[in-house]
Amino acid sequence: MNALPRCLVAIALSSSVAFSVAAQEDAPNEPPAEETAAFETLTEDYSCMFCHGKTGTLSGTEKNQHLIVTKEDLVVDIHWQKGLRCHDCHGGSPALDDFTDHRNDPSFRSLASPQDIPVFCGHCHSNAQYMSRFRPSPRVDQESEYWTSGHGKRLQQTGDVKVATCVSCHGGHNIRAVDDLESLVYPTQVAKTCATCHSDAELMEGREYHGRSFGHQQFELWSKSVHAHAMMEKGDLSAATCNDCHGNHGAVPQDVDSLANACGTCHVKVAKLFATTKMKHQFEKTDLPGCATCHGNHKIHSPTDEMLGMAGGAVCARCHEQGKHGATLAGAEIAKQMHDELAQLVTQISSVGEKLDRAERLGMEIRGPRFRLRDANDALTNARTLVHSFAIEPVQQAVTEGLTVTSEVNSDAEAALQEHTMRRIWLGFSLVPIIAVVTLLLLYIRSMPSTK
Amino acid sequence: MSRAPEKPNDSPATRPGLRDFFYDRMGMSVAAGLAAKKKVPIHRSTPFYFLGGMALFLFVIQIVSGVLLSLYYKPSPDQAFESVQAFMTEVDFGWLIRSVHSWAANLLIGILFLHLLTAYMMRAYRRPRELTWATGILLLALFMAFGFSGYLLPWNQLAFFATRVGTALVGVLPVVGQDLLLLARGGENVTGDTLSRFYALHVAILPLLTLAMLGFHLFLVQHHGMSVPDREALRLGGSERLPTMPFVPDFLLRDAVGWYLVLGILAALAALFPWELGEKAAPFSSAPEGIKPEWYFLFMFQALKQLPGHILGIEGELLGVLFFGCAGLVIFLIPVLDRGQISRLVLNILAALAVVFFIVMTAWGYFDKGSLRLILGASLFLGVLSLAISFSDRGTLVRRILWMLTALATLLLIIGISQELYQ
Amino acid sequence: MEGSCDKSDKCPRRSWLVRVLVGMNLVAIGSLLYPITRFLRPRRGTRHGTLNVVAPFRVDQLRPDADGEWPAPFEFAGKPCVLVRTSDGEIKAFNAICTHTDCTVKCRPEEGDIFCSCHGGVYDLNGQNVSGPPPRPLEAYKVILRGKPGREEIIVSRT
């Protein structure tokens, strides 16, 4: 985030052998106001660490371990890096030199239960004026969003203290900046972070949303999805992970009617096509969850042409074969047609591609046609997208466009192969003088007077 | 006895002025004198004298086609593959020139192997031709180096990994291995610098060395005249009494027939089986399946692959490399080692073993399928046996053994073919 | 042994042979030299592995046609290349392969963006991905202008 203070922290901390903690000169509380972002060495009378430090008086017993704060944690913490110190969040007075129980101090902001955490963080993070010091246009809606989330509601309404609060995802004293690669909420880490609870079978046991049981397989399923592949293998940070569909601070399971909107944030064109179809209304009428009906939810595979149509493995067949959910046989026919159209173009592209490969291996110039073939691939991708209009005409049109290209490329490829055959024929012609010369030479040698 | 290099129809008295002009000023009379004096003995093994001429012809083809290729080739890892691909498709006859260059390289090595084998069988290395033999072996090594360095230049996947494996072998040598490896690769890994090095080697260093060595080799051949096998000399009562033919034009014309035949074969191979380019090298991908060096390195590659990690506490690969090094040294020193009947017998047995080893390993490494290996191996054996038979005396034990082996190889060939057809 | 003609009765046949032999030799050598001379001819244009290319239109031709269509992407080193003009009049060149899947993007002059019709990906005229599925900005090429101001040739370069 901010490199300079970070470096200063690192230097200062590593040089101080025993992590001597000291206090700032004056300690303002209730949004900390006056300090500058630059790191200041703490003076010796900064007393928090006497007890909360690694070797402090609290460190002795097992049950106090959560009260211990270590240097390692603080070094990476964005708040510490920005110059905030213990009392800036926790209140109280660090200058106290005696071992008094600060819990009785009215200015100390106690964290008695998880329920206190959102308010505790929101103290600053919901304060637009305060936050704008660190970021010109800060978002300050996290806390209010949190109370609308599944987590927040449950915490508020049932007092279930096992739900996620701010610290569950961001950490306690080692809160890294959100764009830190190792931050628990960095795009590549989000799923794992959510999974700490959501993959815990015991913890998820008996939890449900609108009567549907939660399950604990989401992470495992997502890991096999095309989104996880894009994120983890291709390094595409914009690929969908948990929060992209469920929200982060306001995390909720997607509802039937909001699902298509969630997918549509990235899959714009498909969402637009789908929004105007009869299929969408029928889905809504019969309570089918939009995109997920065919593509699934967490384990969303890269779609294939086999998903289309009425053959085995085709998702259309699930309803259209037996007329479930008001599906029609006419729809089945369209699905079949769409599949056949796509299959035709795929076959054409691959057969033409093979011909081009063959010609290329034979050393023929085919890059012009190869370049042209890109248009056919474009048409194919386009046709696959247009499947979501659930009408045959647009698909047919796109496929026809593609087929025009493939037939052109096909004739080019054939011409190239033809040319190669011609080369062989020309070789034959060039061998004629060579063979002739050899024969004549032999004749000539024979006719030479013999030597002794 | 001698014959003027010109056609007999030309009247010697009326030489055109221009020819006269050059004839005098270029010392052509010396060359003409040499040419007139040079004679080639005629006996059963005379056809093997053509091999050297064919190799020379192929070398000329390599120079011409190589220079042509260098007009379009760009030796950098970003552009090497693309430039080869580009001139194969964009330049008129680019595909042909590249195919000719690749095919001629392989034919050349093949012919050199035959040249070596027949020279050994004719015992052409005897005094005073020890140096001719030694330069010949060095020339073979140079041409193999040509092949090795040229293999990498198109910067395709197979070549890249084959080069990595091939250069890594140098690294197993004790003490100097790592330094030699760095020298060969121009770095820890096969990189763009390796490509530049191999390019310099292929187009500058090796050609210079080869031309010098070849000049020396040809001078020695010219100086000592053609070697006559003992057997032929004995049969006809002394090498002086052998019939001869003048080099110019009799032998030269026969040579020309060989050249034209090579040319025709080359054209046919290049046009019918154009040399493939493969995939562009991706240095950080995992090695592709079935990486293979060129066929003439295959026997070493295959043999080294079979060696266990350690033999008697010494690294297996190191032992293999040292073994091949020693074998090369023995071949180089054959003129010195051949000191009489017994040493000759030992050498012959060693040579037979070496040829068997070469054929078995090559056939084994070349194909994955048993029947195809059998066919290739048996055919190669038949080829070598037919050579050996032509050098053995009628009615001797050796010849009988050779015939038996020929029958065995034929049987194996038939088994291989029938297996292949049956499947 | 004398090979002179007047003593040999094979002479007529030999002189005929020699003539044909020389002729055929010339043909054979010609058939060798023909591909070499063709090989030496400059190629018509190199596309693969090329580092720069002259766009098939000049600066003044870089505008929407009658149907409002922007000049289509042209080939550069085996890939399509799209030219755009930013609001400041600067000309930029991009690899027109969408970073999402493999479709070819096109410039939409009215919207002032670069658009991929396959999945509705949108890039701004600097090649930055602004909406839709594309994960990365388009690969940018260098643009060099050459010639009379207003009618310059556009040279796209990879270096």
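Trainee: How many residues of chain A are in contact with chain C, and what makes it a contact?

Mentor: 26 residues of chain A are in contact with 30 residues of chain C. Two residues are in contact if their C-beta atoms, placed from the backbone, lie within 7 Å. Keep in mind that this is a predicted model, where local features need pLDDT of at least 70, side-chain atom pairs count only at pLDDT 80 or more, and totals for chains, interfaces and linings use all residues. Residues are numbered from 1 along each chain as its sequence is written, with chains lettered from A and ligands numbered from 1 in the order in which they are written.

Trainee: Why are H21(A) and H23(A) called roughly parallel?

Mentor: Their axes come within 9 Å and cross at roughly 20 degrees. Axes are lines fitted to C-alpha atoms, for helices over the stretch in contact, and angles run from 0 to 180 degrees between N-to-C directions. Angles under 35 degrees count as roughly parallel, over 145 as roughly antiparallel, 65 to 115 as roughly perpendicular and the rest as oblique. So H21(A) and H23(A) are roughly parallel to each other.

Trainee: What makes E4 and E9 of chain C a pair?

Mentor: Two strands pair if DSSP finds at least two bridges between them. Two bridges join E4(C) to E9(C), which run antiparallel, so they pair. C:Ala93 stands opposite C:Tyr141 in E9(C).

Key
Helix = DSSP H or I, 4+ residues; strand = E, 2+ residues; numbered from the N terminus.
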